[in-house]
Every structure is written in C-alpha cells, then in structure tokens.
Amino acid sequence: MKKYCFFLILLVLFSCLEKESNTNLSEKILIRKDSLFLKNPAIGKIVINPKNKSAVYGEIFIRIEKKICYMSGNISGLTPGKTHAVHIHDKGDCSSDCGTSAGGHWNPLGQKHGKWNEKTKEGYHLGDVGNIKADTNGIAIINFKTANWSFNDNSNLDILGKSIIIHADADDLVSQPSGNAGKRIGCGVIKLIANK
Ligand SMILES: [Cu+2]
Ligand SMILES: [Zn+2]
C-alpha cells in the first residue's frame, strides 16, 4: 500500500510538472514558432536602432534551413497595441536621423508595393514583410519565413547588406509606393554574423 501511495504521489507530481513545462513550451512556440526548432545557427543579425527620436530597439536574426530564409526577433519601444509596418529597404544605410538614407523598399523583381504572397499580377516588393502588432508593453515579435530570399550568395535575392525599417504606422498593403506607413522609427542593417 505504501509503495502504491508513493507511486501515486510521484505520478501526480510528474503529471503536474509535465503540464507546466508543456504550457511554457507552447508559449515559446507561439513566440518563435519556426525558429525554435531550426538546427542551423543564425548567420545574419540586424540591430534595430531608433529613428525620428523614437525609443525603438530590436534584435532580429536570420537563419537558413533547407533553402528557406527565416527572420525572427523582437522589437521594443513601440506604441502599445499599435500595428507597425516592417520592410526591407534597398540601402544598408541607417545613418540619417529620419532613416531616409535606407532608400525605398527593396524590390529586385521590379513589382508594385503590396501584400506578401498575394498572387496578383502586380505582385509585391520582396521587402514587403508586412505588419507587426505591439503588445501592451510595446513589444512585437517578428516571425517570418520565405523561400524567396537568400543570404550571402550575391544573387539578386540576397538580403545581406539591405536594411530593415520599422514604421510609425501600419502598412495598408495597397498605397504606392510604400503602403502609407508613416515615419521611419527604427532602422538596422542586415549583417553577417562572423564565423569563429
Ligand atoms: Cu518601409
Ligand atoms: Zn513595398
């Protein structure tokens, strides 16, 4: 009987523990759905710094697995609850205070601005990542993957050396040439993580 009770206690304990770790894991999966299980380490990194006197800061990582390019990271200092546009811009230059040094949207296929993956004949810019929504703390998660980008191969689909811009407003996914997304409030150059 004693033995049985002991096992019962262990079983209860174990099932509680497992339940708890499951919950944590599912939260993590929500945050980093794709990147969490990638075997390959990050090969690219973007540090987002504030523009137009914002408080925006972020770190984004680039991974490649099976020819899919994964972009994942966090952006903080956003307007709580607000939707903000994220794009890849053409020039890897974040030197100006307003971020305009980064140029227009990266558009190697010469298409119109639009919604990612929308199968219209106008298409979309390959830099049209889309929108992120800030939580009540002003933090948003970036979690994006595509087979249409490459990294560090000098092809016309190579995102190395381009920049990522975070905007004050949402991208309406329609307006030309850039979705009427407002001021540039964060900018970072897509860089190679040095292999050691
Ligand atoms: Cu933009
Ligand atoms: Zn665009």
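Predicted model: local features only at pLDDT ≥ 70, side-chain atom pairs only at ≥ 80, totals over all residues.

The average pLDDT of the protein chain is 86, and 80% of the residues come in at 70 or better. The stretch to watch is residues 10-34, where the pLDDT is below 50. That stretch does have 10 contacts in the model beyond near neighbours in sequence.

Now the layout. We've got 1 helix and 9 strands, and the order from the N terminus is α-β-β-β-β-β-β-β-β-β. Of the 196 residues in the protein chain, 30% are buried. If you take contacts between residues at least 6 apart in sequence, 59% of them join residues at least 24 apart.

On to the pairing, and let's start with strand 1, residues 44-50. Which strands does strand 1 pair with? Strand 2 is one partner, antiparallel, with 5 bridges. Within that pairing, glycine 44 has isoleucine 62 as its bridge partner, and isoleucine 46 sits opposite isoleucine 60. Strand 1 also runs antiparallel to strand 8, with 2 bridges, and there asparagine 49 is partnered with cysteine 187. Then there's strand 9, residues 191-192, again antiparallel to strand 1 and again over 2 bridges. Lysine 45 is opposite lysine 191 in that one.

Follow the chain along and strand 2 goes on to pair with strand 3, antiparallel, through 9 bridges. Phenylalanine 61 faces serine 72 across that pairing.

As a reminder, most residues other than glycine have a negative phi.

The largest nonpolar core has 31 residues, and the ones with the most contacts inside it are Ile48, Ile75, Val86, Ile164 and Ile166. Strands 1, 2, 3, 4, 6, 7 and 8 each put in two or more residues. Strand 3 gives the largest share, with 4 residues.

What does isoleucine 166 touch, leaving out residues up to four places away in sequence? Its contacts are Ile48, Val56, Ile75, His84, Val86, Ile185 and Gly186. Three names there, Ile48, Ile75 and Val86, are also listed among the residues with the most contacts inside the core.

In the loop between strand 6, residues 140-146, and strand 7, residues 163-167, have a look at two asparagines. Asparagine 152 has a positive phi of about 60° without being a glycine, and asparagine 154 likewise has a positive phi of about 60°. Are they buried or exposed? Asparagine 152 counts as partly exposed, because it has 15 C-beta neighbours inside 10 Å. Asparagine 154 has 8 C-beta neighbours inside 10 Å, so it counts as exposed.

Glycine 161 is in that loop too, between strand 6 and strand 7. Glycine 161 is partly exposed, because it has 15 other C-beta atoms within 10 Å. Outside its sequence neighbourhood, glycine 161 touches Gly92 and Ile190.

The peptide bond between glutamine 176 and proline 177 is cis, with omega about 0°. Most peptide bonds are trans, which is why I wanted to point it out.

That's my tour, so let's zoom in on whichever bit you'd like.

Note on methods. Residues numbered from 1 in each chain as written. Chains lettered and ligands numbered in written order. Buried ≥ 20, exposed ≤ 12 C-beta atoms within 10 Å, placed from the backbone. Contact = placed C-beta atoms within 7 Å. Core = buried A, V, L, I, M, F, W, Y, C linked by C-beta atoms within 7 Å. Pairing = 2+ DSSP bridges. pLDDT = per-residue confidence, 0-100.
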